[in-house]
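Work through the exercises below with the model open. Each task is followed by a solution in steps.

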Amino acid sequence: MFKELEEINSRPAPFQFYTAEALWNDKHTSEQMLACHLNESVDLSSRNKAFIDRSADWIVSHFGVGAETKIADFGCGPGLYAIRLAKKGADVTGTDFSERSIQYAKEAAAQEGLKINYLLQNYLEFETEKKFDLITMIMCDFCALSPTQRKKMLNTFHRCLNADGSVLLDVYSLNAFDQREELATYEYRLLNGFWSSENYYGFLNTFKYDEEKVILDKYAIIEEARTRTVYNWLQYFSQESLMKEFEENGFTIEECYSDVAGTIFSPESLEIAIVAKKS
Ligand SMILES: C[S@@+](CC[C@H](N)C(=O)[O-])C[C@H]1O[C@@H](n2cnc3c(N)ncnc32)[C@H](O)[C@@H]1O
């Protein structure tokens, strides 16, 4: 028991383990996640409906989305952006590794008579000959990736972006990092049954890596029949660190906003949204 508690409370090296699929594609948690995506009034998994409407309208007008605009949405979830953009005539490819979300997205597109190319795939393995005018990764999914994975992702973006195409993505800022605190807690059925339909004890350890500007929410979920650990990493960025990372990978950040709805950039913002082009 002492050894196990030590293991639960141990601090790994930043991005030492990658367990994103256990969070998004597990039979039980993916159902909880989809419910969060589809809850129109909260900012969990996807942002609230009013924001997504506003954000999609801004994307359409800002990037001149119309018939034939080729868009790749990485981590598309249940397609809340993809469907709005496809309705404007765009040729949309949505990639996500959550079977439940892709299934929902496909059904929603079929109901609207829209042809959207949904791929059930880890976006880190994305390969295509196709070139896109606009690449999106929305709701700070870029932050969940390690430096090596982000490099790989930026190389993929570079390879499949048209010469004059744009990347639109958002990240958490250092203001958001400053608001986070370390924590160690445990609770019976932590997060009200989010992790399992069976009885379980959930431990949550939040670790703050001040030098790297990384936060880890480490969940140890202990059921009668199984124990698992899920590592939820987030990299936080300054404008400078984001620019440097993009520049090192062949991009220039041309515009900065406070969110992906085009809100004017404020140094106090908890998020930074950027538009980048190939250098
Ligand atoms: C925070 S949600 C955002 C969903 C969507 N962009 C939105 O704003 O409505 C992140 C999404 O990325 C997906 N995802 C996370 N890591 C992934 C990976 N390595 N490959 C494919 N999809 C991934 C998750 O399944 C989830 O649907």
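**Exercise 1.** Into which domains is the protein chain divided?

Solution. The model is a predicted one. Step 1: the chain is divided into domain 1, made of 2–15 + 176–234, and domain 2, made of 27–168 + 238–278. Step 2: taken over C-alpha atoms, the centres of domain 1 and domain 2 are separated by 27 Å. Step 3: the contact between them involves eight residues of domain 1 and seven residues of domain 2. On the side of domain 1 that touches domain 2, six residues are nonpolar, two are polar and none is charged.

**Exercise 2.** Find the residues of the largest nonpolar core that touch the most other members.

Solution. Step 1: this core has 63 residues. Step 2: those touching the most other members are Ala 82, Leu 85, Ala 86, Ile 135, Val 167, Leu 169 and Val 171. Step 3: domain 1 and domain 2 each supply at least three residues to this core. Step 4: a second, separate core holds seven residues, including Tyr 200, Tyr 219, Ala 220 and Ile 221. As a general background, nonpolar side chains tend to be buried together in soluble globular proteins.

Apart from neighbours within four places in sequence, Ala 82 is in contact with Asp 73, Cys 76, Val 92, Gly 94, Ala 105 and Ile 116.

**Exercise 3.** Check the span of helix α4 and locate its buried residues.

Solution. Step 2: Ser 55, Ala 56 and Ile 59 are buried in α4. Because they cover an arc of only 100° around the axis, they lie on the same side of α4. Step 3: Ala 50 and Ser 61, on the other side of α4, are exposed. Step 4: the cover over the buried residues of α4 includes α5 (80–86) and β5 (161–173). Step 5: after α4 comes Gly 64, with a positive phi near 60°.

**Exercise 4.** Repeat the analysis for helix α3.

Solution. Step 1: the 12 residues of α3 (residues 27–38) reach 17 Å from first C-alpha to last, close to the expected 16 Å. Step 2: Thr 29, Met 33, Leu 34 and His 37 are buried in α3. Their arc around the axis is only 145°, which puts them on the same side of α3. Step 3: Lys 27 and Ala 35 are exposed on the other side of α3. Step 4: α2 (20–24), α5 and α6 (99–111) are among what covers the buried residues of α3.

Note on methods. Residues are numbered from 1 along each chain as its sequence is written. This is a predicted model: local features need pLDDT of at least 70, side-chain atom pairs count only at pLDDT 80 or more; totals for chains, interfaces and linings use all residues. Domain bounds come from an automatic or database domain assignment. Two residues are in contact if their C-beta atoms, placed from the backbone, lie within 7 Å. Ala, Val, Leu, Ile, Met, Phe, Trp, Tyr, Cys and Pro count as nonpolar, Asp, Glu, Lys and Arg as charged, and the others, Gly among them, as polar. A nonpolar core is a set of buried Ala, Val, Leu, Ile, Met, Phe, Trp, Tyr and Cys residues joined through C-beta atoms within 7 Å. A residue is buried if 20 or more other C-beta atoms lie within 10 Å of its own, exposed if 12 or fewer, and partly exposed in between; C-beta atoms are placed from the backbone. Helices (H or I, at least four residues) and strands (E, at least two) are DSSP runs, numbered from the N terminus. The expected span of a helix is 1.5 Å times one less than its number of residues. The arc is that of the directions from the helix axis to the C-beta atoms.
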